[in-house]
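Here is a short note for a colleague opening this structure for the first time. Please keep the model in view while reading.

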Amino acid sequence: MVFFRELKAADEGTYRCGVKVSDYTERFTEIQLSVRHDEKYPKSVTESVYLGGEVNITCQIPEQNQVHFCKEDDNHICQSIGSSKVTEMSGSSERNEERVVTVSISNVSVRDAGVYWCGAETRDTDLTFISLNTQIQLNLITKVGVSRVNGSSGGGLMIKCEHPQYKTNPKYICKEPDGCSERKNHGVQGEWMDNGDVSLYDDTRAGVLMVFFRELKAADEGTYRCGVKVSDYTESFTEIQLSIRHDVNYPKRVTESVYLGGEVNIICRIPKKHKVHFCKEDDNHICQSIVSSKVTEMSGSSERNEERVVTVSISNVSVRDAGVYWCGAETRDTDLTFISLNTQIQLNLIMAPVVRDEGDSAEIICPYDSIYKSKPKSLCKGKCSTRDRNPLSETVREEKETKTGRLTLNDDVTAGVFTGTITGLTAEDAGKYWCAVTLETELNYLYTHLIVIMNEELNLTKYEGDDVSIQCKHHDEDQKRFCKAHEASMCVKDGVSLETIRDDRFSFSDEASTGVFTVNITDLREEDSGIYWCGAHIITKVLLNVKKGTLT
């Protein structure tokens, strides 16, 4: 038996197939081999069949030839099959010179998986020729179970498929019907791989394929297979039936702000029977589980009987804690874990406000995590997470300094701080400033307020019993505050605004279009005398002197 595994043009020619009759005699048959080039052959097809099922394999061979069906062994030699499980059925072909033969394999077992060949067999005296023109890879599929999971439209979903006995084997997820025959998404071992809005990670140490849907859509609903390649021709999977629900309450998006070194409490609502899951997005927007002594959980009751309230507390907040968190419900089903994320939390950090006089210089200090030391950084003023963002300068990179007009940015990678210095402060410089790191998108993680005290003071002299109106400047988005203190910095509350005076004799009227609000004080008293600060980010010093008696 002579087997050519893969015929090439160089194989064409004249051969002798002979036998040594005695020490000095031999005889042979001459074989003239022609190798034809046909774009239709060899044909390669893949068939998949469930364990115990039946598969039909179709071959086309010349009308006058006998069909030959064989299976490759471990040495890739195609061995004839003699089995009661294999039957042949002939049919007609669209091409008159060919006939269609269907080979059926019933009650498929693990032993049946592998590579088959189909072709035409001819005989000529003492020679048999078998020309193999169709290769069939038969894959055996085992469905080990069915699981159902619900996700919130717009929310995230993490699926963990566990295959502890096949840790290093390739793992995949696919969506039926077409995706599982044409576009299986295999995880990359040891790293996250993006595939549109879905990311995959093949953890070979634990034998787990992690699948993360960033933002669930109606189109994601359907039936999936989460499986593993057991051998070259066998695989097993769990069927996952994913339903997407539309809930006006979810996903919920909230923003929390906390001072560096402070503590923040994040509230999550999850179904009573589920375990809470709390994770933080990394630079690739993958939500990674948090293992930290700084994070604690506390359970409580909910107004809705089917829910429970979980409070997640983060203490001693650092720059590394800033970012996007998700909270949701975790469930397990045999070798699967589902994490449905329904609440997104943007955690911003606050630095103490910077209070400076008009004309002076101000430094806005932005500490950052050491993992961002090589990333470009910038300073932004106002609504930095919206489309009308206002970046102040070109970004600064490590160990460099950039200057744009009155603003200088300097990055000290050793200290993990970049600083924005603004000289010659004016009223226009006052406002909310964001520190940003440029990743795939800009990450605004920390903000502070620059409060500018105007040089022009307001001096007022009144008598007891009089009324007075004081005009103060503000920006539209600012809170309006009026404060009495020796220094403006003493009036800053929570780094956001000036402390409100709690007195019924004080009232406010607002003219938003002019950027001015008015403080009205009635029935003045001598103890009302003193230094006041009015405004928001732009502060005016008001010296009020209330005298006894009346003006004569």
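1. Basis. This is a predicted model: local features need pLDDT of at least 70, side-chain atom pairs count only at pLDDT 80 or more, and totals for chains, interfaces and linings use all residues. Residues are numbered from 1 along each chain as its sequence is written, and side-chain values use heavy atoms, with hydrogens and water left out.

2. Cover and surface. Of its 552 residues, 42% are buried. Buried means under 20% relative accessible area (1.4 Å probe, protein chains only). The chain exposes about 30000 Å², and carbon and sulfur atoms supply 45% of that area. Accessible areas come from the Shrake-Rupley method with a 1.4 Å probe.

3. Contacts. Take contacts (heavy atoms within 4.5 Å). Among those between residues at least 6 apart in sequence, 63% join residues at least 24 apart.

4. Strand β33. Why is β33 largely enclosed? Five of its six residues (417–422) are buried, so the rest of the structure largely encloses it.

5. Its partners. Strands pair if DSSP finds at least two bridges between them. Strand β28 (residues 362–367) pairs with β33 in the antiparallel sense over six bridges. There, I365 has T419 as its bridge partner. Strand β32 (residues 407–412) also runs antiparallel to β33, joined by six bridges. D412 stands opposite V417.

6. The turn. Four residues lie between the strands in the hairpin of β32 and β33. In this hairpin, G416 takes a positive phi near 70°.

Conventions: Buried means under 20% relative accessible area, exposed over 50%, partly exposed in between (1.4 Å probe, protein chains only). Helices (H or I, at least four residues) and strands (E, at least two) are DSSP runs, numbered from the N terminus.
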